[in-house]
Amino acid sequence: KDQIHIKGVTYTIIKVIGKGGSSKVYQVLHEDSKKIFAVKYVDLECSDHQIVQSYKNEITVLRRLQNKEPIIKLYDFEITPSHIYLVMECGSIDLASFLRKKRVVKDDILFYWRQMLTAVQCIHDEGIIHRDLKPANFLFVEGSLKLIDFGIANAIQSDKTSVTRESQVGTLNYMSPETIQGSDGSQGNGSSNMKINCKSDVWSLGCILYYIIYGKTPFQSITNTMMKLQAICNKDYQIHFPDVGDPLLTDVVKSCLVRDVRKRPSIKDLLSHPYVSSRN
Ligand SMILES: Cn1cc(Nc2nc(NC3CCCCC3)c3c(C#N)c[nH]c3n2)cn1
């Protein structure tokens, strides 16, 4: 049996959940407790110092956020010059795989939306802006959505989609106009304004909500990358919001997809929006 030993504890590999460039996520069985965990393995052999540091930063933030409910639980970890092992709680399925399998029932949208908002609010409260939010960053754990990464280390893609084009890693479909135009301070062009930069995650959340409502992201139909990036930044390119019988819901998704950062709501505004606050 394929086994992994972390800090002297034995885990048996059940299956590979996903793999990225130099990382893999396994579903494992903890021999002693017979409990299931997810183990993220990162090969540091061919990773340069920058990459190693980005993973260490991600782990530092993950440990700092452990007391927050909507953040994935980290039980143990092992860092050596050649590899990193993270022992985490194992979710049932990530939101990307879930949305590929079936459409969301209308009444569940509010439930998922509230949980995504609170998860992203957690990292914003710690001064972290993800800037690359997509459905694959959210995971169902016992029916609730949790955030599994903070956009600090490189992304991992689900094993299923690693061979197909639409894999979520490196997708531009959720990227905000200001991130594309580099006016969000990510290239160190001065605007390190947290309040403004948090809005980039609001745009991405709006794209995720749009996908949940309409089954596609706002710019998915534009396959040419340059044309896609231009459309995202072009105020004259109208995004369509067909009526779905819930004006409050369409108002929420419209408000997130406002290109003018100053006019885009904050997470706080969204949590007090009537769509979220007026229902149970
Ligand atoms: C598809 N699927 C996912 C699970 N569960 C799961 N997937 C995790 N990562 C997946 C890696 C591939 C992309 C999607 C997320 C992690 C994780 C990290 N990182 C920590 N816990 C986890 N649990 C069950 N089915």
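How many disulfides does the count come to, if a disulfide is a pair of cysteine sulfur atoms within 2.5 Å? The count comes to 0 disulfides. Cysteine 122 takes part in none, and the nearest cysteine sulfur, that of cysteine 198, is 13 Å away. For cysteine 207, the closest cysteine sulfur belongs to cysteine 256 and is 9.0 Å away, which is too far for a bond. In general, a disulfide is a covalent bond between the sulfur atoms of two cysteines.

This is a predicted model, in which local features need pLDDT of at least 70 and side-chain atom pairs count only at pLDDT 80 or more, while totals for chains, interfaces and linings use all residues. Residues are numbered from 1 along each chain as its sequence is written, and side-chain values use heavy atoms, with hydrogens and water left out.

## The ligand site

The ligand is surrounded by 19 residues, where a residue is near a molecule if one of its heavy atoms lies within 4 Å of it. The closest are Glu89, Gly91, Ser92, Asp94 and Leu139.

| Backbone atom of | Distance to a ligand nitrogen atom |
|---|---|
| Glutamate 89 | 2.8 Å |
| Glycine 91 | 2.9 Å |
| Serine 92 | 3.4 Å |

On its own the ligand has 510 Å² of accessible area, and the protein covers 93% of it; such areas come from the Shrake-Rupley method with a 1.4 Å probe, and for residues only the protein chains shown count as cover. Strand 2 (9–19), strand 4 (35–43), strand 7 (93–94) and strand 10 (157–158) each give two or more residues to the shell around the ligand. Helices (H or I, at least four residues) and strands (E, at least two) are DSSP runs, numbered from the N terminus. By class, the shell has 10 nonpolar, 6 polar and 3 charged residues. Here Ala, Val, Leu, Ile, Met, Phe, Trp, Tyr, Cys and Pro count as nonpolar, Asp, Glu, Lys and Arg as charged, and the others, Gly among them, as polar.

## Buried residues

A residue is buried under 20% relative accessible area, exposed over 50% and partly exposed in between (1.4 Å probe, protein chains only). Cysteine 122 is buried at 8%, and cysteine 207 is buried at 0%.

Cysteine 207 is also one of the contacts (heavy atoms within 4.5 Å) of asparagine 173, leaving aside neighbours within four places in sequence. Asparagine 173 lies in the loop between strand 10 and helix 4 (177–180) and counts as buried because its relative accessibility is 12%. Its side chain is joined to that of lysine 228 by a polar contact of 2.6 Å.

Glutamine 27 belongs to strand 3 (residues 23–30) and is buried at 19% relative accessibility. Beyond four places in sequence, glutamine 27 is in contact with residues including Thr12, Ile36, Phe37 and Cys90.

Valine 120 is found in helix 3 and is buried, at 0% relative accessibility. Not counting residues up to four places away in sequence, valine 120 touches Leu133, Phe138, Asp201, Leu205 and Ile267. Lysine 106 is also found in helix 3 (residues 106–125), but lysine 106 is partly exposed at 42%.

In helix 7 (residues 247–256), Leu249, Thr250, Val252, Val253, Ser255 and Cys256 are buried. The buried residues of helix 7 pack against helix 3, helix 5 (194–214), helix 8 (267–271) and helix 9 (274–277).

## Loop residues with positive phi

Most residues other than glycine have a negative phi. Lysine 34, which is not a glycine, has a positive phi of about 60 degrees. Lysine 34 sits in the loop between strand 3 and strand 4 and is exposed at 53% relative accessibility. Glutamate 142 has a positive phi near 50 degrees. Glutamate 142 is in the loop between strand 8 (138–141) and strand 9 (144–147), and is exposed at 79%.

How values were computed: Polar contact = N/O pair within 3.5 Å; in protein donor to acceptor, adjacent residues only side chain to side chain. Disulfide = S-S within 2.5 Å.
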